[in-house]
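Visitor: I would like a close look at one part of this model. Please keep the answer in short steps.

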Amino acid sequence: NGSAVNELNAKIAGGLWFNKIIGARVTVNAGNNWLKGGYNAFTMGAGVDLLANLMKHYADEDSRFRLSGVVGIHFGYYSFPDDFPNQKHVGLQAAWKLTEKLEFYVEPGVKLMPKYWETDGEDDPFTAGTLTLGVTYNF
């Protein structure tokens, strides 16, 4: 069906919370895509995300859990077929405070992008589920 794509990336992000509700982050990533037909593609890119704290009670600094909505856009490069498609995504981030400076988070989401790997229909939309696991260090 033209949608057999698996992707594994390493990502580094930096960001800040403007207040207890709204935050933003900038991300850079690099990784690999495995495509239907035995093809693969090196990928790298950068993006920006807006985060919205969905738990108003997180204003209490002693809270150990935070749930945030995430929406963003990502610009990437794929070595096959040497293309620069952009992606839009939405997600939900659940974060657990481990220490005063360290958090662990799980972020499932959905991304929308063109089928860059198709020779016929490369501009057709493609949706995919995503899962990001991460660690946050607060300076």
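Visitor: Let us go to Glu-107. Does Glu-107 count as buried or exposed?

Guide: Glu-107 counts as buried, because its relative accessibility is 5%. Buried means under 20% relative accessible area, exposed means over 50%, and partly exposed lies in between, with a 1.4 Å probe and protein chains only.

A word on the source. This is a predicted model, so local features need pLDDT of at least 70 and side-chain atom pairs count only at pLDDT 80 or more, while totals for chains, interfaces and linings use all residues. Residues are numbered from 1 along each chain as its sequence is written, and side-chain values use heavy atoms, with hydrogens and water left out.

Now look at the partner. Glu-107 forms a salt bridge with Arg-25, and the closest N and O atoms are 2.7 Å apart. A salt bridge here is a side-chain nitrogen of Lys or Arg within 4 Å of a carboxyl oxygen of Asp or Glu. Glu-107 lies in strand S6 and Arg-25 in strand S2, so the pair ties together parts 82 residues apart in sequence. Strands are DSSP runs (E, at least two residues) and helices are runs of H or I (at least four residues), numbered from the N terminus. Side chains of opposite charge can pair when their charged atoms come close.

Arg-25 has another partner. Its side chain meets that of Asp-49 in a salt bridge, 2.7 Å from N to O. This pair links distant parts of the chain: Asp-49 is in strand S3, Arg-25 is in strand S2 (residues 22-35), and they are 24 residues apart. Asp-49 is buried, with a relative accessible area of 2%. Arg-25 counts as buried at 10% relative accessibility. Put together, Arg-25, Asp-49 and Glu-107 are linked in a network of salt bridges.

Step back for a moment. The whole structure holds four salt bridges. One of them joins the side chains of Glu-7 and Lys-111, at 3.1 Å from N to O. Glu-7 lies in strand S1 and Lys-111 in strand S6 (residues 102-114), so this pair ties together parts 104 residues apart in sequence. Lys-111 counts as buried at 11% relative accessibility, whereas Glu-7 counts as partly exposed at 28%.

The seven strands form an open sheet in the order S1-S2-S3-S4-S5-S6-S7, with antiparallel pairing. Two strands pair if DSSP finds at least two bridges between them. The edge strands are S1 (5-17) and S7, and each pairs on one side only. For example, 11 bridges join strand S3 (residues 40-53), the strand of Asp-49, to S4. Val-48 stands opposite Ile-73 in S4. In a regular strand the side chains alternate between the two faces of the sheet.

Finally, the wider setting. Of the 139 residues of the protein, 36% count as buried. Glu-107 counts among the buried residues, at 5% relative accessibility. For contrast, find Val-135 in strand S7. Val-135 counts as exposed at 59% relative accessibility.
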